[in-house]
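Here are my notes for your first look at this fold. Please keep the model open as you read.

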Amino acid sequence: MARPLRLEFSGALYHITSRGDRRENIFESAADFKAFLSILADVCQAHHWLCHGYCLMDNHYHLLIETPEANLAKGMRQLNGVYTQAFNRTHGRVGHVFQGRYKAILVEKQSYLLALSRYIVLNPVRAGMVRSARDWRWSSYRAMVGQIQSPAFLYTEWILSTFAKRKATAVARYKVFVAAGKGQPSPWGALRNQVFLGDDPFIENMQSLIDGDKTLGEIPSSQRRAPPKSLSEYEEANDSRNSAIVEAYGSGGYTLKNIGDYFGLHYSTVSGLVKHHKSKT
């Protein structure tokens, strides 16, 4: 069977999985899990990725990654490559850690992101490793519900905002949503052409992006982001703090937490300012 195409474009959302070579473990200690998450944080910052969810299992991992720029392959080379080096160095090994290429499914955000976010954090429950999603340390569930501090690379706002405007209410409803998913069928029943998870118009749109005369992932120069300026430059160039925040976030170079830390605001306040601006445009 031919390998699925790698389709990259600005704003794409992917469900990504990668397994251990010969199905062997890719995480053998808590230090390995922590090292992977640290590398993931670096990749998200360097490539402006938005991570909507993750779950690290013993011999594979799941990620929900949105790419504001068409750079999935570049980021994945860094993620798996740097982790392979770190794992081999720690355990005194050489050779492959991951089995072949990672798998990336293009996802229709509005229809499937919620279902997939629930599906991946329930992996340890389905595997009989824990009784509840909250019992597994190495997924985004704990951060999503406020059980632990959210890492800077994890973007919880989109998922929680679909449940309620107030965070406490959204978290409570998210918990119920995840708990109700234990007996639900896998979303992969709707997978099309090995790489698409979405309705017919979404799939038609994705296929229209495939042009044999162009390199996949190519985007017009007018759509490429310029390198972000420093936060102090955004502050100095704008008449108001809020305008500086909106422009800095729009650059794709900073997370809500990065901006909040600089301006002395909670990331949820920054999120609210950005959303308010978008509602006016």
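Two strands pair if DSSP finds at least two bridges between them. Helices (H or I, at least four residues) and strands (E, at least two) are DSSP runs, numbered from the N terminus. This is a predicted model: local features need pLDDT of at least 70, side-chain atom pairs count only at pLDDT 80 or more, and totals for chains, interfaces and linings use all residues. Residues are numbered from 1 along each chain as its sequence is written, and side-chain values use heavy atoms, with hydrogens and water left out.

1. **The hairpin.** Start with β2 and β3. A hairpin of 3 residues joins β2 to β3. The two strands run antiparallel, with 6 bridges between them. One place to look is Tyr 54, whose bridge partner in β3 is Leu 63.

2. **The sheet.** Now widen the view. An open sheet is formed by 5 strands, in the order β2-β3-β1-β4-β5, with mixed pairing. Its edge strands are β2 (50–56) and β5 (196–197), and each pairs on one side only. Strands of a sheet pair through backbone hydrogen bonds, either parallel or antiparallel. Both kinds can be found here. β1 and β3 run antiparallel and are joined by 8 bridges; Ala 12 stands opposite Thr 67 of β3. β4 (residues 103–107) and β5 run parallel, joined by 2 bridges. There, Val 107 faces Leu 197 in β5.

3. **Helices on the sheet.** Contact here means heavy atoms within 4.5 Å. Axes are lines fitted to C-alpha atoms, for helices over the stretch in contact, and angles run from 0 to 180 degrees between N-to-C directions. Helix α2 (residues 72–91) lies across β1 (12–19), β3 (60–67) and β4, at about 145 degrees to β3. Helix α3 (residues 109–121) also packs on the sheet, touching β1, β2, β3, β4 and β5. The direction of α3 makes about 155 degrees with that of β3.

4. **An enclosed strand.** Is β3 enclosed or open? Buried means under 20% relative accessible area, exposed over 50%, and partly exposed in between (1.4 Å probe, protein chains only). In β3, 8 of the 8 residues are buried, so the strand is largely enclosed by the rest of the structure. In a regular strand the side chains alternate between the two faces of the sheet. In β3, His 60, His 62, Leu 64 and Glu 66 point one way, while Tyr 61, Leu 63, Ile 65 and Thr 67 point the other.

5. **The core.** A nonpolar core is a set of buried Ala, Val, Leu, Ile, Met, Phe, Trp, Tyr and Cys residues joined through side-chain atoms within 4.5 Å. The largest one has 86 residues. Those with the most contacts inside it are Ile 16, Leu 56, Tyr 61, Leu 79, Tyr 174 and Ile 259. Helix α1 (residues 30–47) gives the most to this core, with 7 residues. Take Leu 79 as an example. Beyond its neighbours within four places in sequence, Leu 79 touches Phe 36, Ile 39, Leu 40, Val 43, Tyr 61 and Leu 63.

6. **Salt bridges.** A salt bridge is a side-chain nitrogen of Lys or Arg within 4 Å of a carboxyl oxygen of Asp or Glu. The structure holds 6 of them. One joins Lys 109 and Glu 66 (3.0 Å, N to O). Lys 109 lies in helix α3 and Glu 66 in strand β3, so the pair ties together parts that are 43 residues apart in sequence. Lys 109 is partly exposed at 21%, whereas Glu 66 is buried at 12%. Another joins Arg 22 and Glu 24 (3.4 Å, N to O). Arg 22 is exposed at 57%, and Glu 24 is partly exposed at 39%. Asp 21, Arg 22 and Glu 24 are linked in a network of salt bridges.

7. Which backbone nitrogens does the side chain of Glu 8 reach? A polar contact is a pair of N or O atoms within 3.5 Å; within protein, one must be able to donate a hydrogen and the other to accept it, and residues adjacent in sequence count only if both atoms are side-chain atoms. Glu 8 sits in the segment before β1 and is buried, at 12% relative accessibility. Its side chain reaches the backbone nitrogen of Leu 72 at 3.4 Å and that of Ala 73 at 2.5 Å.
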